[in-house]
Amino acid sequence: MKYGYFDDENREYVITQPDTPLPWINYLGCQAYFGIISNTAGGYSFYRDARLRRVTRYRYNNAPYDFGGRYIYLRDDDSSEFWSPSWQPTRQVLERYTCRHGMGYTVIGSRYHGIEAQTNYFVPLDQDLEIWRVTLTNRRSARASLSIFSSIEFCLWDAQDDATNFQRNFSIGEVEIEDGVIYHKTEYRERRNHFAYFACSRSLAGFDTQREAFLGPCRGWDRPVAVERGQLSNSVAHGWAPMGAHHVKVALEPGETQQIIFLLGYHENPQAQKFDPPDSQTVNKQTVKPVIARYLGLAEVDAAFEKLRQYWDGLLGICQVATPDVHTNRMVNIWNAYQCMATFNMSRSASFYESGIGRGLGFRDSNQDLLGFVHMVPARARERILDLAATQLATGGAYHQYQPLTKRGNNDVGGNFNDDPHWLIIGVAAYLKETGDWSILDEPVPYDNAPGSERPLYEHLQRSFQYTLDRLGPHGLPLIGRADWNDCLNLNCFSDTPGQSFQTTTNKDGKIAESVFIAALFVLAGREIADIARHKGRKEEAARYLAEVAKMEDAIRKHGWDGEWFLRAYDDFGRKVGSKECAEGKIFIETQGFSVLAGIGLDDGRASAAMESVAKHLATPHGIILQQPAYSKYYLELGEISSYPPGYKENAGIFCHNNPWVMIADTRLGNGDRAHDYYARINPSAREPISEVHRCEPYVYAQMIAGRDAPTYGEAKNSWLTGTAAWNYYAITQWILGIHPTYDGLEIRPVVPKGWRGLKATRIFRGVTYHINVTRQGEGNRVTLRVNGVPQEGAVVPAPAVGVREVAVEATLT
Ligand code: BGC
Ligand code: NOJ
């Protein structure tokens, strides 16, 4: 069953039914001011940091999930009837409803008793505000006298505190109202120099800023007393719950259309110029007023929307493909790239599954996310890399996450995840291959942000690599620390206390438990840093890295192989994890996919045996399961992984993040059919027809699909902010379609299904547009290239002469 359809031409997903199984959301904003918006206008906004600069309020674990929102009410002043054009919160049955989620904007349109309302929500580029452009049309045969009410609830900035510290918060709320603009200035009197504002393009029939005055006692958002009455009370909030509501009266002749703009924004003043006059407590509005005036103008709003469209045209235009598979095209050209930008902006902080109060930006996550967005925003990727590296510790280790506002590592989820440092190498390598900007390696970057500790970025990579060599276990494999990629494989945790964090509890000294996954990651990162060293002319150093890599491969062959697949780990008792000897958890996906991806076992049959084992034991129609058999009980020595009921999350869920590792592994073995088949199984667009099973948005990946051990097999959870976005993008574009940036040029090495006659692609790489045409002439993966009509040795298209902007590449597969 579907709840809408893809409009690929406009790059939109169009939801035609408001009661989707879960809120189907979109993101507004792409630089500093952000919002989440659901298909019924639920969601919230924030400036840079979802926790510390929350502009509007969201209620956690509410029913429905997506309350508060950006709610508009319409009222027919002749009949006194009122409704929500976004369906929520009044839920009147609408004559027509569509929600178009597009690139950085959402348009919710509906019709009720002949009144059409369409609201376009977006954040203009380079501005810290969101626009709601409401278009009202009267399709009745008679004049309509309408009232339109806007409403938002201000959050008292720190979203965590806002949701908990009521004894203080109910007494601190403050607002100002000037020229119909509502200014939210809670805590501005003391240490804040920022405030929020909510403005409207029309003169007002009234406003409210105190929630209770608007809603009325004992009421919720579905029947605000002020809307029912048709008149706001000009309330001025002192304490309690400051909100913003405007009331505009609109008279529409039959067929007439009118537009009204609401503006919600964030603004900062210099510390010394907070007040106007300076000795008052009144917010200085001198610099914000011109911004407000500008974006309340229709022409300016239209121009801003057009600029936003062009921005996305530019980003998405960097890689466009035309393959025989519509789901591949749609995800690569539109939605997967778009999701990669969301993971860049949000990391794992704010979605309907990430509360925006819990997690900062993950070190591992943000480095991996680079794989999906570096080609679109290389300059911002550079900045991100330097920020991440500045949180690295002098040991080479890393805080597991950092706060975007302060850019400091935070200890909430601790450190000692022994895989973390290697992702920096992998992220930097991806950046270098995409951009050729070797200067980044010379950038001075501190350790743990400590002034005076600055060393070239390159040294950070060296320390990342060394980190593992300093922490080898009894089998010569890397010690796991708190966990590796699988945050839930907590082999040193041994927690028996309810509520204790699996991520920060350590009851063992960590000298025994080893990770075969980190071993494989070390091999990959080692090859990358060796390549980088070689390009820097450090041949001996490169050779040293490769010698360590060879030793690690040897350790994997001796102690990390179980006969038909790669082992997963050794626990604190030195016992195998992920072996046929185990009662449960005999085979894991991570080491199969990642080892082969890293090139391990390609020459000795282990790689293909591992892939056969995946196909036999882990692959399902809904995707590849993380491990089998699922853990049926809690294992003290394994930790969080066994805390989940079978089939969910890391306990035998289909973890979409690591499915692409297997896809890439299969391409390394030349299995294009199988790689693409795995790709299609979790491709959200391909799963659209089973939306009632999948339940999450059909246009973006979710972190997890419940595995076959779960009663809700096939149900997705935790959409949007997941490494799944980057890894799938990377797997399909660089390995399956085979458009692969290298240090020496753009490599074209597709490993696609045998049935494909070919594919076309346009890829802008280092300022040059490559028009790629792949034609299949045989069933294999051998590539023959012609560049601008001239035969070219190998599969790498070298950079053209300076000044050449377009290159035609003909690739033949035989
Ligand atoms: C989740 C993991 C996540 C970890 C760290 C766990 O509860 O299952 O997917 O990585 O928390 O936040
Ligand atoms: C989600 C985390 O964000 C990611 O870093 C981790 O690798 C996976 N969970 C698996 O545990």
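I began this notebook with Cys30, which I found to be buried, with a relative accessible area of 5%. I keep in mind throughout that the model is predicted.

**Cysteines**

I looked up next whether Cys30 has a partner, and its sulfur turns out to lie 15 Å from the closest cysteine sulfur, that of Cys340, which is too far for a bond. Since a disulfide needs two cysteine sulfur atoms within 2.5 Å, I could set the distance of 15 Å for Cys30 against that cut-off. I then turned to Cys319, which takes part in no disulfide, the nearest cysteine sulfur being that of Cys340 at 11 Å. Is Cys319 buried or exposed? I noted that Cys319 counts as buried, at 5% relative accessibility. By the distance rule, I wrote down a count of zero disulfides.

**Ligand 2**

Which residues come nearest to ligand 2? I found nine residues around this ligand, and those that come nearest are Arg364, Asp365, Trp485, Asp487 and Glu650.

I then followed the oxygen atoms of the ligand, and noted one that is 2.6 Å from an N or O atom in the side chain of Glu650. For Arg364, I read a distance of 2.7 Å between an oxygen atom of ligand 2 and an N or O atom in the side chain. With Asp487 the contact involves the backbone, where a polar atom is 3.0 Å from an oxygen atom of ligand 2.

Definitions and conventions: Residues numbered from 1 in each chain as written. Chains lettered and ligands numbered in written order. Predicted model: local features only at pLDDT ≥ 70, side-chain atom pairs only at ≥ 80, totals over all residues. Heavy atoms only, no water. Near = heavy atom within 4 Å. Polar contact = N/O pair within 3.5 Å; in protein donor to acceptor, adjacent residues only side chain to side chain. Buried < 20%, exposed > 50% of the residue type's maximum accessible area, 1.4 Å probe, protein only.
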